[in-house]
Amino acid sequence: MKDPLKTLRDTRPLIHHITNWVTIYDCANITRAFGALPVMAHAPEECADMTGISSALVLNIGTLTTGLIDCMIISATAANRKGIPVVLDAVGVGATKFRDDMAAKILNSVRVDIIKGNYSEVAKLAGEHAQTKGVEATSIAADPRQVARTLAGSRSCTVVMTGKEDIISDGKRTFVVRNGHDQMGSIVGTGCMAASIIASFAAVNSDHCDAAKDALCYFGVAGELAAGKSGGPGSFKMHLYDEVYHLSDEKVEPMMDFE
Amino acid sequence: MKDPLKTLRDTRPLIHHITNWVTIYDCANITRAFGALPVMAHAPEECADMTGISSALVLNIGTLTTGLIDCMIISATAANRKGIPVVLDAVGVGATKFRDDMAAKILNSVRVDIIKGNYSEVAKLAGEHAQTKGVEATSIAADPRQVARTLAGSRSCTVVMTGKEDIISDGKRTFVVRNGHDQMGSIVGTGCMAASIIASFAAVNSDHCDAAKDALCYFGVAGELAAGKSGGPGSFKMHLYDEVYHLSDEKVEPMMDFE
Amino acid sequence: MKDPLKTLRDTRPLIHHITNWVTIYDCANITRAFGALPVMAHAPEECADMTGISSALVLNIGTLTTGLIDCMIISATAANRKGIPVVLDAVGVGATKFRDDMAAKILNSVRVDIIKGNYSEVAKLAGEHAQTKGVEATSIAADPRQVARTLAGSRSCTVVMTGKEDIISDGKRTFVVRNGHDQMGSIVGTGCMAASIIASFAAVNSDHCDAAKDALCYFGVAGELAAGKSGGPGSFKMHLYDEVYHLSDEKVEPMMDFE
């Protein structure tokens, strides 16, 4: 897509989140800084209605409960019916059996358009042997590009693995994004934010693989710019928001492979 | 009231919040930066007791559930009995029927002293045709000053509509506050913070219309000062807290109409 | 322990939190800034498993519900079995009977290795007459060092009382830490962060009294450094994270009494 950020900012899509209590504010705030409108709503009585007026849905299982999972399935069903993209951020899959089971429950109950996680989370979803240290990736034996490609192919969706290199695949095309900066790992929440940004770009671009690639390039570039001005994680986070806000399509130089 | 900020800081009232999970930290932190003491408590077993030692109560339905609404009614009943102000921040009313119904349930179960929302939220509460895009105001057909005045008169309370112009009315007096800066809309949570600040000023000023007007003038001035020093939403938020902390009654120049 | 910060950063222990919704992000972020890995998980179906892969457990009752208390007891039981330290942050004890009862329920159901609170919270736990203003300490009649020492002795644990002077006692040894800065009280959450930091140091040091003393010295020094660069609570918080990130064992000069 040409000028994806301008398109996003001109459209201002509403992005419905059912997410975790740790990074809920940052998911909302980064969505707004990119130019979309966040809304967080998790009451079973209203979540389908809220999805019904939205343009994308983010499901993040960072602090999941069975009640939240039920709401996620209600909202994703509404999203599927409306034809808007559903992003699953598989936070902590590979850390406990409950997370593995609940992620599987979502994937088997509704259509997820974009599965996103770190290397060990996605590898675990793909049936590989992988362990997540809480919500932190550990190294995996399998080739991550192959994992992403295979899972995307078998689920007919887009798969995003975030890490030092971000891998995005729809089973046919695979992008490897190298934008970003180590400082992004020094604060909590950049992974969750990435899912919100991916959903925002996917809300205005029906090619979800392209949207996810754009989202990670743009976020990565903002991270690079912020890191250059920062003296630690506190100032990095402040600059990250400022840089996202001032991003423009011209400013982004993707560092990317395509396979 | 003369020197409302000094009065607030000398009194340090405890402000009990039952609020949403997105901006809960910012509601607490801005309450403290203004000089009051925040407490957040939403267990049904203790919420009446916590209200009982507090000087104002904030009800914010941003991420409402039926369980939270029950607690809000328990706490508001305790607040009514004690005679301390109850502020309802009607976040997202006009977006889903559930929010409309739950806000109505609160308003019909307890006495709310200050109803606060953006233009479309308050218009919807007033029975006007209005739609809220998630938690974002959309334009309304009716005259906002008339909406505020009429709702305040019919409910015998103070009504606050926040937006480019903030409108405060108790049905007889109507203030239009023009302090503030567009940057306040670039971050998530300034609307929720405003409710906490209004509750803080109302805790020490029994003229709630006057208290709400003061709260929005003071917050708006801090926003103007912060915007002058900021390079985007990240630095704006940092400066906003610094400026609130250093506000004084002498520093505030209200930009205001009175009708 | 020699070089406790280097030890913590080399080990990167996973710190499981069951905590409140106000400061949950800051607890996670400060844990990471110090070099440990935070994880927040409160579903009863997974909390024991999450504790099972962790190296310390933080229980913070800031926004407690009966459901959360049940999870805390499940996780603490798992922690006791595994032999990893359990930290209880007794937020708001002395404000409502429900908090007093729930804190007592935890203490009577599982082994808590480190009890932490402000002066009035800990005094209340120790059976003294004390009232907490929401989550804010009020002055206590009893001698705080004696309170800490007695409670630690009777519970065979480490007791930490935070305030202008931090008091740490295991019933035999008592440390009084004077590092820190008034600005730490200008933002919400430094008390909760302290519990996360104490748990992080205790995860790598079986002498919990020593670990808690180190945690508060290091956090206090970061607070002093940040305050010297800050213009208010917004910039203070930013600098606090930067300073924590750049702390080193050489940089810390404890201001401390030992009894």
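Two residues count as in contact when their C-beta atoms, placed from the backbone, lie within 7 Å. On that basis, 25 residues of chain B are in contact with 28 residues of chain A. This is a predicted model, so local features need pLDDT of at least 70 and side-chain atom pairs count only at pLDDT 80 or more, while totals for chains, interfaces and linings use all residues. Residues are numbered from 1 along each chain as its sequence is written, and chains are lettered from A, with ligands numbered from 1, in the order in which they are written.

**How the copies are related**

- Two copies of a chain are related by a rotation about an axis and a shift along it.
- The copies use different surfaces, as 12% of the contact residues of chain C recur in chain B.
- For chain B, only 12% of the interface residues are also interface residues in chain A, so those copies meet through different surfaces as well.

**The chain B side facing chain A**

- H10(B) gives the most to the side touching chain A, with four residues.
- By class, this side of chain B has 11 nonpolar, 10 polar and four charged residues. Nonpolar means Ala, Val, Leu, Ile, Met, Phe, Trp, Tyr, Cys and Pro, charged means Asp, Glu, Lys and Arg, and the others, Gly among them, are polar.

**The chain C side facing chain B**

- This contact takes 26 residues from chain C and 28 residues from chain B.
- Helix H5 (97-109) and helix H10 (233-246) of chain C are the elements that give two or more residues to the chain C side.
- H10(C) gives the most there, with four residues.
- The chain C side splits into 11 nonpolar, 11 polar and four charged residues.

**Core**

- A nonpolar core is a set of buried Ala, Val, Leu, Ile, Met, Phe, Trp, Tyr and Cys residues joined through C-beta atoms within 7 Å. Buried means 20 or more other C-beta atoms within 10 Å of a residue's own, exposed means 12 or fewer, and partly exposed is in between, with C-beta atoms placed from the backbone.
- The largest core has 310 residues, of which Val122(A), Ile198(A), Val122(B), Ile198(B), Val122(C) and Ile198(C) touch the most other members.
- Leaving out residues up to four places away in sequence, Ile198(B) touches Val87(B), Ile114(B), Lys116(B), Val160(B), Ala211(B), Ala212(B) and Ala215(B).
- Ile114(C) sits in strand S5 (residues 114-118) of chain C and is buried, with 27 other C-beta atoms within 10 Å.
- Among the residues that Ile114(C) touches, not counting those up to four places away in sequence, are Val87(C), Val160(C), Ile198(C) and Ala212(C).
- The C-alpha atoms of Ile114(C) and Ala195(C), 81 residues apart along the chain, are separated by 9.2 Å.

**Strand pairing in chain A**

- Strands pair if DSSP finds at least two bridges between them. Strand S7 (residues 166-169) and strand S8 (residues 174-177) of chain A run antiparallel, joined by four bridges.
- Ser169(A) stands opposite Thr174(A) in S8(A).
- The hairpin of S7(A) and S8(A) has four residues between the strands, and Gly171(A) takes a positive phi near 95° in it.
- S8(A) also pairs with strand S9 (residues 256-258) of chain A, antiparallel over three bridges, where Val177(A) has Met256(A) of S9(A) as its bridge partner.

**Positive phi outside glycine**

- Ser156(B) has phi near 55° and lies in the loop between helix H7 (144-155) and strand S6 (158-162) of chain B. Ser156(B) is exposed, with 10 other C-beta atoms within 10 Å.
- Asp3(C) has phi near 45° and is in the segment before helix H1 (4-11) of chain C. Asp3(C) is exposed, with 12 other C-beta atoms within 10 Å.
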